[in-house]
Amino acid sequence: QVQLVESGGGSVQAGGSLRLSCAASGIFSTNAMAWFRQAPGKEREFVAVFRRSGTTTYYTDSVKGRFAISGDNAKNTVYLQMNSLKPEDTAVYYCAASKSYYSWIYRYMSPETFDYWGQGTQVTVSS
């Protein structure tokens, strides 16, 4: 069965850094992988996406310049490097994979676009 497993979360001080990893297992094809996050009492929100076609990336405004999404094809793993962390970044972070290709990158901002999800990893940023 297809599985996505996140790791790398933890507790850091404001201004610190973390690198999240998402390891994929099982046989499936993906056109895009993304990170979403969900804070207490909030909706699950888009953070970043990597689309293989054109190596296109897109980030939500609040993390632009601070976060970077990347992948390692040999390890079948996607990463989220998070720098200059702020308390408002505190959330459970989820990895997601989409089998579908969309030319309009903004389509991947919607959770319904994604077919597979990880279990989530907690990120806590203290001030």
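Helices (H or I, at least four residues) and strands (E, at least two) are DSSP runs, numbered from the N terminus. The model shown in these views is predicted: local features need pLDDT of at least 70 and side-chain atom pairs count only at pLDDT 80 or more, while totals for chains, interfaces and linings use all residues. Residues are numbered from 1 along each chain as its sequence is written, and side-chain values use heavy atoms, with hydrogens and water left out.

**View 1. W104 belongs to a nonpolar surface patch.** W104 is placed in the loop between β9 and β10 (116-117). Its relative accessibility is 56%, so W104 counts as exposed. Here buried means under 20% relative accessible area, exposed over 50%, and partly exposed in between (1.4 Å probe, protein chains only). Together, W104, Y106 and M109 make a nonpolar patch of about 330 Å². Patches are made of residues with over 30% relative accessible area and no salt bridge; like charges are joined within 9 Å, and nonpolar side chains (Val, Leu, Ile, Met, Phe, Trp, Tyr) within 5 Å. A salt bridge is a side-chain nitrogen of Lys or Arg within 4 Å of a carboxyl oxygen of Asp or Glu. Accessible areas come from the Shrake-Rupley method with a 1.4 Å probe, and for residues only the protein chains shown count as cover.

**View 2. Aromatic rings form pairs and a cluster.** The structure holds nine aromatic pairs. Rings of Phe, Tyr and Trp (its six-membered ring) pair if their centres lie within 6.5 Å; planes under 30 degrees apart count as stacked, over 60 as edge-to-face and the rest as tilted. F36 and W117 make a tilted pair, 5.2 Å from centre to centre with 55 degrees between the planes. F36 is in strand β4 (residues 32-38) and W117 in strand β10, so this pair ties together parts 81 residues apart in sequence. F36 is buried at 0% relative accessibility, whereas W117 is partly exposed at 28%. The ring centres of Y58 and Y106 are 5.0 Å apart and the planes stand at 85 degrees, so this pair is edge-to-face. Y58 lies in strand β6 (residues 56-59) and Y106 in the loop between β9 and β10, so parts 48 residues apart in sequence are tied together. Y58 is buried, at 19%; Y106 is partly exposed, at 38%.

**View 3. A disulfide joins C22 to C95.** A disulfide is a pair of cysteine sulfur atoms within 2.5 Å. The S to S distance of C22 and C95 is 2.1 Å, and a search of the whole structure finds one disulfide. C22 sits in strand β3 (residues 18-25) and C95 in strand β9, 73 residues apart. The link is left-handed, with -80 degrees about the S-S bond. C22 is buried at 0% relative accessibility, and C95 is buried with a relative accessible area of 0%.

**View 4. Side chains alternate along strand β1 (residues 3-7).** Strands β1 and β3 run antiparallel and are joined by five bridges. Two strands pair if DSSP finds at least two bridges between them. Q3 has S25 in β3 as its bridge partner.

**View 5. S84 and E88 lie in the loop between β8 and β9.** S84 has a positive phi of about 50 degrees although it is not a glycine. S84 is partly exposed at 40%, and E88 is exposed at 56%.
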